[in-house]
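Please consult the sequence and model shown here alongside the text.

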Amino acid sequence: MVFLILLLLVPLAACTARTARRVEAETVAEVIENKGSDTLVNLALAWAERYMEEHPEVRISVTGGGSGTGIAALINGTVDIANASRAMKEEEIEAANANGIMPVEFIVARDAIAVVVHPSNPVDRLTMQQISDIYTGKIVNWSQVGGEDRPIVLLSRESNSGTYLYFLEHVIRLGDPNSELLFSPETLLMPSSEGISAEIRQNPNAIGYDGLGYVTPDQKVVAVARDPSSPYVLPSVETVNDGSYPISRPLYMYTAGEPQGEVKRYIEWILSEGQAIVPELGFVPLK
Amino acid sequence: MEQMRRPRLGEFVIESLVKVAGLSSIGFVVLIFFFLLREGVPVFFEVELTNLFSTRWYPTFGLFGTLPLILGSALVTLSAIAIALPLGVVTAVFVREVAPHWAREILKPMIEVLAGIPSVVLGFFGMTLLAPVVRRMLGMPTGLTALTGALILAYMSLPTIISVAEDALDAVPKSYRDAGLALGATQWQTIWRVVVPAARSGIVTAVMLGMGRAIGETMAVMMVTGNAARMPLTLDSLFRPVRTMTATIAAEMGEVAEGSVHYHALFGIGIILFVITFILNLTAAATIFKKRRRGGLR
């Protein structure tokens with residue numbers, strides 16, 4: 001009996017919340033709801049603040065939660081713009097279409113993923129193959145890649161992070177869609193970027209990766225080569241844009257249908273003037 | 001008449017409110033339990049049991065092996081209790097039996113303050129201060145290990161263990177102590193041979209409640225155990241990273257799509273956790289009940 005009441009209550013509560021939000025959105029026309037990727041959240045906030053300074057009549061609310069959260073909200077029609085550090089999956093687009101929403105994709109900036117080690121680690125260059133072997137557990141000692149005789153401690157972001165998936169698909173599996181390689185079970189999954197940098201700072205055995213925007217000066221960034229015959233490249237605005245740094249990815253914003261009115265103006269502003277702020281947050285601007 | 005009715009009405013209203021408040025807590029537990037079942041049970045049909053109880057937890061790729069998580073929680077919790085039990089019981093004995101009155105007046109509130117430290121503060125402390133020490137002292141590759149988690153958890157379950165154990169010692173009748181001393185036993189012999197054994201069931205309760213506290217702790221554990229979902233089967237597992245059930249739920253619930261297999265799997269872990277803590281609490285309650293029926297100690 002109680003179970004039945006609960007079953008009845010839950011969808012009811014969800015319905016009222018949704019209609020309430022819709023009503024609010026109609027009466028206050030200049031509110032832009034923006035949600036999604038934690039990688040993008042600082043950049044999205046900076047854009048929103050700058051844009052609101054220039055356009056005081058517009059209110060933009062930015063929240064994080066992860067790419068999947070933002071896309072789910074777009075599918076449910078509760079946000080105007082979803083931020084994502086990965087492209088929408090096929091089934092997500094289908095789910096949106098089923099709700100009568102046609103997502104439109106914009107690439108708003110680029111992000112490089114830096115591979116970091118303790119500053120005292122003599123290793124300063126790695127090939128993609130070596131990084132893949134390290135993270136799958138094939139290489140377990142720094143001496144195998146030209147370092148000291150120390151065990152390697154693997155650090156990664158949690159599996160819900162867009163950075164985790166990107167790193168798995170493009171570095172560990174080297175972009176091969178048929179590859180079944182996974183992170184070694186010995187990998188330490190850190191709940192935050194701060195968790196990674198704290199461990200990198202104090203542990204000379206550790207190797208980690210994170211968005212270039214989150215790398216602090218007390219971590220050592222490793223130069224990466226596509227294959228042993230290519231040059232070793234450090235991540236920077238130049239090397240990402242000319243494509244010589246191998247681990248970089250586009251960052252996306254999705255709108256529900258072709259953007260209209262204020263959302264359209266905001267997206268256009270991000271793609272033009274807004275690009276000036278991008279390097280300040282450690283990301284790479286377009287062009 | 002009018003004056004007589006009013007207070008009665010007020011009394012009736014207040015009585016009903018108190019009754020509703022009391023009953024609602026039972027109602028909420030039942031509702032939470034059914035919610036947990038509704039969200040978690042589907043996983044037992046969506047994922048084969050061989051997968052669910054395998055050794056690999058890669059939820060993004062359809063591998064839902066919960067064994068490393070269950071064993072990880074067990075390892076951290078049992079080690080924490082192994083550290084906290086002797087410390088807690090000895091502290092309780094000291095506070096109740098040995099310490100002079102003024103020392104007891106200072107110690108008891110201090111122990112209660114210990115219980116009030118937010119777990120995220122302890123987690124941060126563990127991550128930045130304790131983990132480097134553990135790494136250097138043990139010469140292990142990393143300081144984010146099961147042991148680090150156990151140390152933090154032991155610290156967190158100490159207040160529970162101390163205060164419940166102290167209550168149990170308090171309940172031992174004075175006549176037991178008098179009898180012990182009258183037979184010529186020293187104070188030390190009286191404490192260890194008479195008082196502590198007499199309070200045994202209360203101490204078991206203390207340990208059970210401490211374990212319940214430890215196994216459900218999330219934040220601090222997530223920050224210091226490294227969260228690697230490896231099987232803790234080798235001898236050195238205590239000094240290696242582990243991933244607990246609670247940390248898994250907390251870390252992954254943020255981004256799962258509602259209604260997906262992964263979402264149901266996380267609630268499935270919640271059910272397993274609920275059942276374990278339920279059994280622990282039941283055992284704790286049963287020992288209290290048995291003690292009452294025996295009519296021995298009050």
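How are H4(B) and H10(B) oriented to each other?

## Basis of the description

This is a predicted model, in which local features need pLDDT of at least 70 and side-chain atom pairs count only at pLDDT 80 or more, while totals for chains, interfaces and linings use all residues. Residues are numbered from 1 along each chain as its sequence is written, and chains are lettered from A and ligands numbered from 1 in the order in which they are written.

## A helix pair in chain B

In chain B, helix H4 (residues 67–98) packs against helix H10 (residues 200–216) at an angle of about 140°, and their axes are 9 Å apart. Helices (H or I, at least four residues) and strands (E, at least two) are DSSP runs, numbered from the N terminus. Axes are lines fitted to C-alpha atoms, for helices over the stretch in contact, and angles run from 0 to 180 degrees between N-to-C directions. H4(B) and H10(B) are therefore oblique to each other; angles under 35 degrees count as roughly parallel, over 145 as roughly antiparallel, 65 to 115 as roughly perpendicular and the rest as oblique.

Residues contributed by H4(B) include B:Ser73, B:Ala80 and B:Gly88, and those from H10(B) include B:Ile203, B:Gly210 and B:Ile215. Two residues are in contact if their C-beta atoms, placed from the backbone, lie within 7 Å. The contact of H4(B) with H10(B) comprises eleven nonpolar, four polar and no charged residues. Here Ala, Val, Leu, Ile, Met, Phe, Trp, Tyr, Cys and Pro count as nonpolar, Asp, Glu, Lys and Arg as charged, and the others, Gly among them, as polar.

## Chain A: content and domains

Chain A contains nine helices and eleven strands. Of its 287 residues, 42% count as buried, that is, 20 or more other C-beta atoms lie within 10 Å of the residue's own, with C-beta atoms placed from the backbone. Among the buried residues of helix H6 (residues 162–172) of chain A are A:Tyr166, A:Phe167 and A:Ile172. H6(A) is followed by A:Leu174, which has a positive phi near 50°.

An automatic or database assignment divides chain A into domain 1 (23–110 + 252–281) and domain 2 (111–248). Domain 1 of chain A gives 13 residues to the contact and domain 2 of chain A gives twelve.

## Contact between the chains

Chain B has 29 residues in contact with 28 residues of chain A. Elements giving two or more residues to the chain B side include helix H1 (2–40) and helix H6 (119–138) of chain B. That side has 18 nonpolar, six polar and five charged residues.

Note on methods:
A residue is buried if 20 or more other C-beta atoms lie within 10 Å of its own, exposed if 12 or fewer, and partly exposed in between; C-beta atoms are placed from the backbone.
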